[in-house]
Amino acid sequence: MKLDPEAGSLKTSGSERIIPVHPALVENGFLKFVAATKSGPLFASLSPDKFGKRGGNGTKVIGRFVRQLGLTDPRLSPNHSWRHRIKTLGRKFALAPDILNAITGHSAKSDGDTYGEVPVDALLREISKIPKLAL
């Protein structure tokens, strides 16, 4: 999945990147959903919020879904800690740190880490190390 400013505004320049689609999403029909979607926003049925953006309402929908999965502690925001979650899972399942940073959009630790490119097949290899959730 390519996060690209041509498709819509991004928070920062670090937001522009390629993110591999986890095999569990493919198994559950995400690519079919994308292929069946007309040109334009992927989740066009989400109504824009008061700022004209779909993200705010999308956050609410995902938040309700996560709450239904059992995250009921009101001190925890269901959408705030996705990067924390992927970093934790990346460490647990031994994803290469530089590739994990590329997936999350975090900056390199050294100049040497900025050399070369991160191939898409390497991104997919690493994200595939995380097992799918049993829901």
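**Three phenylalanines and a helix**

Phe30 and Phe33 sit 3 residues apart in helix α2 (residues 30–36), about one turn of the helix. Helices here are DSSP runs of H or I with at least four residues, numbered from the N terminus. Keep in mind that this is a predicted model, where local features need pLDDT of at least 70, side-chain atom pairs count only at pLDDT 80 or more, and totals for chains, interfaces and linings use all residues. Residues are numbered from 1 along each chain as its sequence is written, and side-chain values use heavy atoms, leaving out hydrogens and water.

**The aromatic cluster**

- The structure has 2 aromatic pairs, meaning Phe, Tyr or Trp rings (six-membered ring for Trp) with centres within 6.5 Å; planes under 30 degrees apart are stacked, over 60 edge-to-face, and the rest tilted.
- Phe30 and Phe33 make a tilted pair, because their ring centres are 6.4 Å apart and their planes meet at 35 degrees.
- Phe33 also pairs with Phe43, and this one is stacked, at 5.4 Å centre to centre and 25 degrees between the planes.
- That pair links distant parts of the chain, since Phe43 lies in the loop between α2 and α3, 10 residues from Phe33.
- Put together, Phe30, Phe33 and Phe43 form one aromatic cluster.

- Phe30 has 17% relative accessibility, so it counts as buried (under 20% relative accessible area, with exposed over 50% and partly exposed in between, using a 1.4 Å probe and protein chains only).
- Phe33, at 34%, is partly exposed, and so is Phe43, at 44%.

**Helix α3**

- Asn57, Gly58, Gly63 and Val66 are buried in α3.
- Just after α3, Gly70 takes a positive phi of about 125 degrees.

Key. Helix = DSSP H or I, 4+ residues; strand = E, 2+ residues; numbered from the N terminus.
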